[in-house]
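User: I would like to go through a few of the labels used for this structure and see what each of them rests on.

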Amino acid sequence: MRLKDFSLLTLLLFSLFSPVWGQYSFTGKVMNAETREPVVEAEVFLPATGNSSITNKQGEFRIYGLTTGTYELLVFRYGFTTIESTIVIANEDLVQAFSL
């Protein structure tokens with residue numbers, strides 16, 4: 001392989017994988033504060049990024065592609081009080097539970 005081909009291959013591989021570096025996920029569960037049952041179809045929303053997730057049947061959510069930093073978030077579902085909170089992504093994935 002010639003040096004030029006090797007350089008192009010290296011550049012291509014770097015560009016494919018570089019967006020993944022330094023990105024973290026925010027996962028968790030949303031529960032009913034009174035019954036301790038999962039809240040299905042609650043939305044977890046990060047206004048600054050526009051990222052959101054809808055909880056599944058177990059009340060679980062996942063948001064991917066976050067960089068380190070502090071984020072404001074909203075957790076809401078019709079019929080429940082909206083939660084406004086702050087999370088901090090600090091060089092690792094974050095897991096957090098919420099009660100509506």
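The turns below take up some labels and the reasoning behind them.

Analyst: Please keep in mind throughout that this is a predicted model.

User: Why does Ala-33 count as partly exposed?

Analyst: The relative accessibility of Ala-33 is 44%, and since buried means under 20% and exposed over 50%, with partly exposed in between, Ala-33 counts as partly exposed. Ala-33 lies in the loop between β1 (24–31) and β2.

User: What makes Ser-99 and Leu-100 residues that Ala-33 touches?

Analyst: A contact means heavy atoms within 4.5 Å, and Ala-33 touches both Ser-99 and Leu-100 when residues up to four places away in sequence are not counted. The C-alpha atoms of Ala-33 and Phe-98 are separated by 8.6 Å, although the two residues are 65 residues apart along the chain.

User: How do you know that β2 and β3 pair?

Analyst: Two strands pair if DSSP finds at least two bridges between them, and β2 and β3 (residues 51–54) have 4 bridges in the antiparallel sense. Ser-53 in β3 is the bridge partner of Val-44, and the two strands form a hairpin with 4 residues between them, where Gly-50 in the turn has a positive phi of about 80°.

User: What joins β2 to β5?

Analyst: β2 and β5 (residues 69–76) run antiparallel and are joined by 3 bridges, which meets the requirement of at least two; in β5, Phe-76 stands opposite Glu-43.

Conventions. Residues are numbered from 1 along each chain as its sequence is written. This is a predicted model: local features need pLDDT of at least 70, side-chain atom pairs count only at pLDDT 80 or more; totals for chains, interfaces and linings use all residues. Side-chain values use heavy atoms; hydrogens and water are left out. Buried means under 20% relative accessible area, exposed over 50%, partly exposed in between (1.4 Å probe, protein chains only).
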